[in-house]
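Subject: Structure for you to look at

Hello,

Here is the structure I promised to pass on. My notes follow below it.

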Amino acid sequence: MTDFTTRRLEIDALRALWAIRHHGGITRASEALGLSQSAVSHKIKRLETSLDCHLLSRKPGAPTFTAAGEDLLDYAVRIIGLHDEALLSLSKTSIAGRIALGLTEDTTCTDLARILGRFRRLHPHVSVRTKVRMSLVLRAMLERGELDAAIVQVFSHDVRPTDLVLFREDLHWVRHADFPLPQEGPIAFLSFDDECFYRKWALDIGQDGGVALETVFECSSAAGIVAAVTAAMGIALLSTRHLRPDMQIITARLPSPPSVAYVVRRARKARNAALDTLVAEIDSEIRRYGGLTIAS
């Protein structure tokens with residue numbers, strides 16, 4: 001057993017370990033971190049040597065992390081967070097002001113929540129008022145000047161040069177194996193509510209491609225749509241992170257959906273030091289981790 005006094009938890013190695021979990025493997029983690037796969041592997045191997053235990057499983061078909069690796073990940077998140085917060089606290093400037101911020105429901109339980117919590121601790125004189133709404137509603141509020149900035153979902157072709165991209169993902173038509181896809185006539189459609197731009201795009205395709213969708217279920221939450229698909233009630237548009245093993249991706253009869261992106265979008269006239277600092281901290285987090293995790 002290695003002497004306890006000689007063991008060290010290197011921040012870069014912990015960050016690499018977390019990136020492997022965050023991005024789903026060494027290959028994607030190395031791409032996100034801007035490192036070679038061998039460099040990432042070397043960091044993990046050196047950490048394993050220091051701790052005298054295996055953190056990653058090398059057996060085919062086995063889980064990525066060993067039990068020790070899973071245990072260390074819990075600590076890694078907290079250690080990295082405190083490390084980064086400490087560095088930010090040493091370089092922070094005294095700012096004050098107000099920020100009216102919009103969030104979608106699925107971004108409230110993500111990396112962004114951690115960033116916002118840290119921002120409040122580091123900048124206690126900045127008042128951040130947050131409103132949670134659907135993306136279309138938030139985009140309208142931005143246009144009316146009711147928000148300074150918002151984290152919203154847009155189709156990839158609608159990303160603006162001034163947007164800060166947090167995350168990109170694909171959309172898919174999906175159904176349960178027990179739901180028969182009719183060869184003609186309307187198709188039962190499981191839809192988000194009127195304020196969802198997925199829904200607007202889906203209902204518009206009937207005018208272009210001759211595919212009639214009959215809305216049989218409406219729900220504002222992804223969990224509700226997932227449950228309805230699982231119950232074989234119809235087809236739905238869902239992003240990759242919401243797919244489940246019992247779902248089938250539909251490629252026949254329906255046009256391919258566009259990809260989507262989560263972005264930080266600022267109001268056209270929103271310019272203040274507090275908002276600049278918050279956006280800069282989000283941007284720094286993206287560069288550090290190669291993207292942010294969005295709730296599934």
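Start at Ile187. Setting aside neighbours within four places in sequence, Ile187 is in contact with Leu181, Pro182, Val211, Ala212, Leu213, Glu214, Ile235, Arg253 and Leu254. Bear in mind that this is a predicted model. Ile187 sits in strand E6. Its relative accessibility is 0%, so Ile187 counts as buried. Ile187 and Thr215 are 28 residues apart in sequence, and their C-alpha atoms are 8.3 Å apart in space.

Strand E8

E8 covers residues 235-239. How many of its residues are buried? Five of five, and the strand is mostly covered. Ile235, Leu237 and Ser239 point one way from E8. Ala236 and Leu238 point the other way. In a regular strand, side chains alternate between the two faces of the sheet. Residues on both sides of E8 are buried.

Two pairings of E8 are worth a look. Strand E5 (residues 171-176) pairs with E8 in the antiparallel sense, over four bridges. Within E8, Ser239 stands opposite Leu171. Strand E6 (residues 187-191) runs parallel to E8, and two bridges join them. Phe189 has Ile235 in E8 as its bridge partner.

A buried threonine

Next, Thr107. You will find Thr107 in the loop between strand E1 (97-103) and helix H5 (111-122). Is Thr107 buried or exposed? Thr107 has 0% relative accessibility and therefore counts as buried. What does its side chain reach? The backbone oxygen of Thr104, at 2.8 Å.

Positive phi

Most residues other than glycine have a negative phi. Asp52 is not a glycine, yet its phi is positive, at about 60°. Asp52 lies in the loop between helix H3 (37-51) and helix H4 (67-91). With a relative accessible area of 41%, Asp52 is partly exposed.

Ala232 is not a glycine either, and its phi is positive at about 60°. Ala232 lies in the loop between helix H8 (222-230) and E8. Its relative accessible area is 21%, which makes Ala232 partly exposed. The cut-off for buried is under 20%.

Best wishes

Conventions:
Residues numbered from 1 in each chain as written. Predicted model: local features only at pLDDT ≥ 70, side-chain atom pairs only at ≥ 80, totals over all residues. Heavy atoms only, no water. Buried < 20%, exposed > 50% of the residue type's maximum accessible area, 1.4 Å probe, protein only. Pairing = 2+ DSSP bridges. Polar contact = N/O pair within 3.5 Å; in protein donor to acceptor, adjacent residues only side chain to side chain. Contact = heavy atoms within 4.5 Å.
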